[in-house]
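I opened this notebook to keep a record of what I looked up, entry by entry.

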Amino acid sequence: MFRSEDMVLLRIYFQRTAAHACVEELGRRGVVEFRDLNVKASALQRTFASELKLCDEIQRKLRFLSDQVQRNLTVASSRLEGPGQRNEIKAPGTSRERVDAADLGSLEDLDAQLRRLEVDLTEMNLHWDALQRELVAILEHEYVLELGTGIFSEATAVQSTVSQYGTLPLLEAKDILTEDITPEEPHESLDARSMPHNLEGGIDLSCTPVNALLNVFAGTVSTKHLSAFARMIFRVSRGNSFLRWVSLPEPVLDVDSGESVSKAVFVLFFPGQHLRLKFSRICEGFYATRYAFPDSNIERNRLQSELVQRRRELEAVMETTQRQRTDVLTDIAMNVEIWNARVSKEKAIYYTLDKLNYDVSERVFVGECWCPRLEVEEARAAIHIGDIRSNAQAPSVLEERYTEEQPPTYFRCNRFTSVWQDIVEAYGVAGYKEMNPAPWSIATFPFLFAIMFGDVGHGLLMTVAALYVIFRERQWKQRKLGDLLQAVYDGRYLILLMGVFSIFTGLIYNECFGIPLNLFGSTWKWTRGSAIACGVDNCRNPGMSMPPKRTYPFGFDPAWKIAGNSLTMLNSFKMKLSIGFAVSQMTLGIILSYYNAKFFTQTVDIWHVFVPQIFFFLGIFGYLLLLIFWKWSINWNAPGAGSPPDLKAVLIGMFMSPASLPPGLRLFQGQHILQIALLSIAVVTVPWMLFAKPFILRHRFKRHQREAYTRLHNGDPISSGAEVESTDLDQHSKSETHGNETSFAELFVNNMIHTIEFVLGAISNTASYLRLWALSLAHAELTDVFLQKILYTALKTTNILAVMVGFTLWLGLTIGVLMLMESLSAFLHALRLHWVEFQNKFYNLHGSGAKFTPLRL
Amino acid sequence: MDMLTFNADNGYLEAVVRGLKASLLRRNDYTNLAQCENLEDVRTILNSTDYAPWLQNEPAPLQTQALFDCLTERLVHDYRSVRSQAYAPLSTFLDYITYPYMIDNLVLLLMGVLRNRDLGEVLDKCHPLGLFEGMATLAVVTSPEELYREILVDTPLAPYFAECVSVHDLTEMNVEIIRNLLYKAYLADFYHLCVKRIGGTTGAVMASLISFEADRRVINITLNSLDTALRKDERVALFPRLPGGLDDEVVYRLGRADDLQAVALAMDLSGTYRALFQQAAEREDHSLEDQFLEHEMKLLREAFDVQFHYGVFYAYFRMREQEIRNLTWIGECITQKQYAHASRVVPIL
């Protein structure tokens with residue numbers, strides 16, 4: 001838990017025939033991470049490229065099938081079978097087990113099966129589309145007849161008006177036309193202005209039907225193209241045409257795109273054969289469909305009833321087709337998930353197999369993988385089972401190998417600890433065997449959060465919410481959750497601890513939704529005689545305002561809530577508390593850096609990094625903490641105690657004027673001597689940190705180099721002494737040994753940056769912990785404001801409605817602002833304190849490691 | 001000024017385009033692609049690039065046409081997503097990038113009409129970025145004047161058509177002339193947009209790119225019109241002339257050139273193009289067109305070295321276009337089993 005598990009590099013020799021089964025078994029146990037031995041090979045050059053291609057192809061087919069299922073089945077099944085069956089189709093079931101249970105034959109068989117289904121389905125779709133197209137055509141035709149007749153009769157009405165007035169130019173006829181237009185239906189006539197010469201052209205309107213010499217086109221065009229269509233008609237005919245349109249009451253299905261488009265019925269009148277050709281081309285160009293539109297009413301009615309008849313027949317045919325299709329799709333829907341899981345699994349196996357090396361002479365696959373030492377037997381068992389399953393002639397062989405490489409990092413987590421591990425790894429993955437901050441943060445993270453979120457009521461709400469999620473863990477695990485809910489689910493144990501810790505800090509602060517709890521009876525009382533409150537058991541003389549003899553047993557006395565100086569008191573307390581936790585947590589961080597250095601036997605890092613750091617840090621901030629507690633432990637009310645010194649002034653004075661210590665800043669005997677000693681330690685440690693490490697490393701490097709040369713000159717076999725020397729070089733310097741002067745400069749600069757960062761960081765990081773105080777203050781004040789301004793104001797009105805509104809508002813704000821937003825901000829600040837202030841003392845100082853990601857099927 | 005204000009409106013899109021540029025195929029990708037034995041291998045290699053999601057739903061034996069469609073679809077998707085987020089004047093600039101496609105589509109359709117091809121078939125071949133309203137009704141026109149009045153008047157090409165109206169009837173020769181006249185007017189307009197209306201860094205970068213395009217057209221028109229019925233004064237009228245392009249002297253000589261020799265002599269006067277000419281003559285497997293393309297890619301790459309200008313958008317889409325040409329070429333080579341030629345592509349990066 002504190003350090004990565006022991007990892008070993010395994011080399012496995014597989015029989016060619018057994019490789020697949022073995023990898024599958026290993027994957028099922030999820031204990032090994034294969035290394036890619038063919039890094040240089042492109043995707044094409046790998047052994048199993050064709051199998052992977054087949055997997056891709058099957059996946060494509062599956063995508064097509066499930067797309068079809070999704071598009072058609074939800075609609076179809078709800079219509080035809082009712083909702084009951086759908087649930088059955090969607091019944092999830094863990095697909096992995098089902099895949100394991102059902103042996104589905106080879107991938108090729110699956111591919112063939114899917115190909116058949118795809119072809120069938122494509123054919124069905126074609127057929128279906130054809131049917132639909134026909135249906136849409138009939139529908140549109142019906143609309144054309146229905147709406148076109150309206151347009152047509154209007155036109156005839158104009159005709160009769162025209163005939164009444166004799167040679168009335170259509171310019172005026174247009175006005176008549178526009179008058180009949182109902183506002184909802186955008187009729188339009190573009191061409192009236194240029195009609196007159198058409199009239200003069202000799203169409204005898206007075207006695208013949210309107211269409212005697214005019215050609216009529218009727219059809220539908222999508223409204224999107226309508227204006228361009230109309231413009232084009234106008235332009236091409238130079239105005240010698242007459243176009244009217246009515247939009248359809250409902251959008252029509254466009255079979256090709258599968259979307260509904262709004263269309264309009266148009267009727268186009270024009271003279272002459274020349275235009276006929278052009279217009280028919282234009283209609284094609286704008287995807288306008290033309291439909292037969294007989295001149296006489298009787299004809300139209302006959303056609304209409306014919307259409308209705310055909311539509312009925314067609315709908316009957318479509319229903320049977322749809323049923324067939326639904327059957328096929330239901331079948332597919334039942335299986336698609338299994339197939340999918342199966343293919344993904346095969347793909348993963350082949351992808352892994354591609355990482356193996358194929359030894360041509362021995363006809364074996366050679367794989368290298370990382371495995372936790374504890375799991376080696378498990379892996380051996382898996383290979384054994386794989387061998388048995390595939391009837392391999394020779395058993396696969398597993399051997400441990402020694403390696404210089406850094407293994408991947410693996411922390412075994414359970415569902416409780418994994419949240420903290422994730423939080424830590426979001427910052428960076430620990431190097432192999434590096435100290436893991438996650439176990440520490442299990443306690444510190446919720447605690448720092450709770451300092452900022454201290455309220456019994458809010459803590460209770462949070463605990464209950466977390467408990468609810470934990471209670472429903474099993475059910476939620478299988479459900480697909482939204483992003484936000486998923487985050488809550490993943491962090492459920494963290495939230496639980498945050499809630500519980502908040503209850504504790506809430507009890508300390510003595511706040512429950514901002515109301516103090518008088519659990520043990522306040523020890524203060526306020527009398528008319530006392531200027532300020534005095535202790536219950538120490539109030540013989542109210543004017544004296546003595547503090548109580550018996551203190552409140554746990555947390556703050558509820559009386560502080562109504563005290564005039566409560567803020568001053570709380571601020572001072574919380575500020576000093578923050579400093580206290582700052583110093584403790586960062587000291588822990590520095591100490592952990594010692595354990596890291598010790599583990600890797602980096603003696604330089606212990607003596608020249610850790611020691612000066614801890615001296616420097618404790619010398620200044622440890623001293624500050626000491627002062628805080630010292631000051632707290634003195635009873636300043638006692639006679640002759642004097643006035644308490646300002647600790648800030650003490651610390652600043654220690655640096656700015658070390659020579660003198662004014663009596664007002666004096667806390668204890670020998671303070672001045674101690675301060676001078678501490679200051680000199682701080683002054684010494686900075687150059688120590690800065691120069692010692694790089695120069696020692698350089699010295700070692702030079703000596704190492706010199707020895708290497710002399711050894712070469714002597715031609716002696718390597719003496720055992722030299723070997724010991726070189727292993728003595730710690731890991732850090734080893735990485736630098738191949739360097740030269742330039743790498744020394746680099747090392748020096750690096751070290752300088754680290755030193756400056758630490759020294760400046762010591763101050764700024766400590767200050768950064770003051771956010772604990774600030775957020776805690778903000779939380780308490782916000783709670784108070786909501787309580788006072790909303791709930792109490794509402795209660796004061798004694799109007800039921802106002803109380804209800806006020807309560808709802810208060811509840812909403814409590815949950816929305818305090819529980820959600822405030823908790824998020826407190827969470828983020830706790831996160832920052834861990835990532836930056838805590839972890840930068842010891843974690844990932846020499847670059848991060850790689851996470852162990854086992855093959856898991 | 002560009003440095004101060006460019007990012008306010010265009011910073012995001014510039015970053016997007018620079019990111020997209022990083023996904024262009026590199027030389028080693030082309031080396032790998034040239035080793036493919038069938039189009040499925042090509043797919044396998046492209047699957048490890050940005051193209052994976054675009055190809056994944058194509059059925060198994062991949063066809064060159066399908067490959068081309070997928071690639072184009074990606075280009076169009078890139079263009080549309082950039083265009084839909086662009087503010088003026090970048091949006092105008094991006095619109096201008098599509099006009100050449102429109103011109104090409106127009107010419108393609110006119111040729112189709114002249115040769116009595118099925119219009120639907122020709123429409124399928126049209127580039128999706130160059131679609132304009134009324135394309136499908138092109139069959140109704142019989143003369144350039146009608147073409148203008150009935151169809152083009154609504155499209156952005158309308159202003160470019162002014163000179164073409166004087167062309168009398170639609171023959172294949174005249175369609176070619178119309179194409180060149182449209183391009184001439186387009187380039188002049190685009191140049192005006194970049195240099196005069198947008199100006200700044202964009203103007204500086206685009207000026208060189210557009211005038212290279214113009215010069216290439218001048219040379220190509222000259223080369224293509226040798227030994228044709230085109231009169232020399234007509235030829236000169238087709239030359240797009242932009243400031244910063246070829247010298248007057250060179251253009252004058254090109255206008256009077258009768259044969260390849262004369263063209264080469266004229267080119268001697270211009271440093272850049274002389275080098276291109278010589279290389280084209282020296283390298284056997286490289287045509288002049290390839291040389292031009294390589295030079296263009298170099299210019300486009302250089303456009304990416306400068307920041308805060310619109311040239312990167314132009315450059316990216318041109319590069320992507322070239323990549324599609326390259327991949328289609330490789331696809332063609334592979335389907336026709338001319339594996340040796342598959343490596344003959346114009347590298348972009």
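**Entry: exposure.** I began with the cut-offs for exposure: a residue is buried under 20% relative accessible area, exposed over 50%, and partly exposed in between, with a 1.4 Å probe and protein chains only. I looked up Val236(B), and because its relative accessibility is 39%, Val236(B) counts as partly exposed. Val236(B) belongs to helix α11 (residues 232-238) of chain B, where helices (H or I, at least four residues) and strands (E, at least two) are DSSP runs numbered from the N terminus. I also checked Arg256(B), which is 20 residues away from Val236(B) along the chain, and found 8.6 Å between the two C-alpha atoms.

**Entry: the model.** I noted that this is a predicted model, in which local features need pLDDT of at least 70, side-chain atom pairs count only at pLDDT 80 or more, and totals for chains, interfaces and linings use all residues. Residues are numbered from 1 along each chain as its sequence is written, chains are lettered from A and ligands numbered from 1 in the order in which they are written, and side-chain values use heavy atoms, with hydrogens and water left out.

**Entry: nonpolar cores.** A nonpolar core is a set of buried Ala, Val, Leu, Ile, Met, Phe, Trp, Tyr and Cys residues joined through side-chain atoms within 4.5 Å. Which residues touch the most other members of the largest core? In this core of 145 residues, I found them to be Phe229(A), Phe266(A), Phe93(B), Phe190(B), Leu254(B) and Phe313(B). Helix α6 (residues 90-114) of chain B gives the most to this core, namely 14 residues. Apart from it I found another core of 71 residues, which includes Leu497(A), Leu627(A), Met654(A) and Leu678(A).

I then followed Phe93(B), taking contact to mean heavy atoms within 4.5 Å. Once its neighbours within four places in sequence are left aside, the contacts of Phe93(B) include Phe190(B), Leu193(B), Ile198(B), Met206(B), Tyr310(B) and Phe313(B).

**Entry: aromatic rings.** Rings of Phe, Tyr and Trp (its six-membered ring) pair if their centres lie within 6.5 Å, and planes under 30 degrees apart count as stacked, over 60 as edge-to-face and the rest as tilted. Why is the pair of Phe695(A) and Phe748(A) edge-to-face? The ring centres of Phe695(A) and Phe748(A) are 6.2 Å apart and the planes are at 70 degrees, so the pair is edge-to-face. Because Phe695(A) lies in helix α22 (residues 671-714) and Phe748(A) in helix α25 (residues 741-768) of chain A, the pair ties together parts that are 53 residues apart in sequence.

I looked next at Phe212(B) and Phe292(B), an edge-to-face pair with 6.2 Å from centre to centre and 65 degrees between the planes, and both of these residues are buried. Ring pairs also link a cluster in chain B, whose members include Phe6(B), Phe93(B), Tyr160(B), Phe190(B) and Tyr314(B).

**Entry: salt bridges.** A salt bridge is a side-chain nitrogen of Lys or Arg within 4 Å of a carboxyl oxygen of Asp or Glu. I noted 66 salt bridges over all chains. Arg412(A) forms one with Glu5(A), at 3.0 Å from N to O, and the two are 407 residues apart. Arg412(A) also forms a salt bridge with Glu375(A), at 3.0 Å from N to O, and these two are 37 residues apart. Arg412(A) is partly exposed at 35% relative accessible area, whereas Glu5(A) is buried at 16% and Glu375(A) is buried at 15%.

**Entry: between the chains.** How many residues of chain A are in contact with chain B? I found 20 residues of chain A in contact with 25 residues of chain B. The area buried between the chains (the accessible area, with a 1.4 Å probe, that two parts lose on being put together, summed over both) is about 2,000 Å², and carbon and sulfur atoms give 53% of it. The count between chain A and chain B is 5 salt bridges. Arg231(A) and Asp154(B) meet in a salt bridge at 2.7 Å, N to O, and Lys278(A) forms one with Glu150(B), with the closest N and O atoms 3.9 Å apart.
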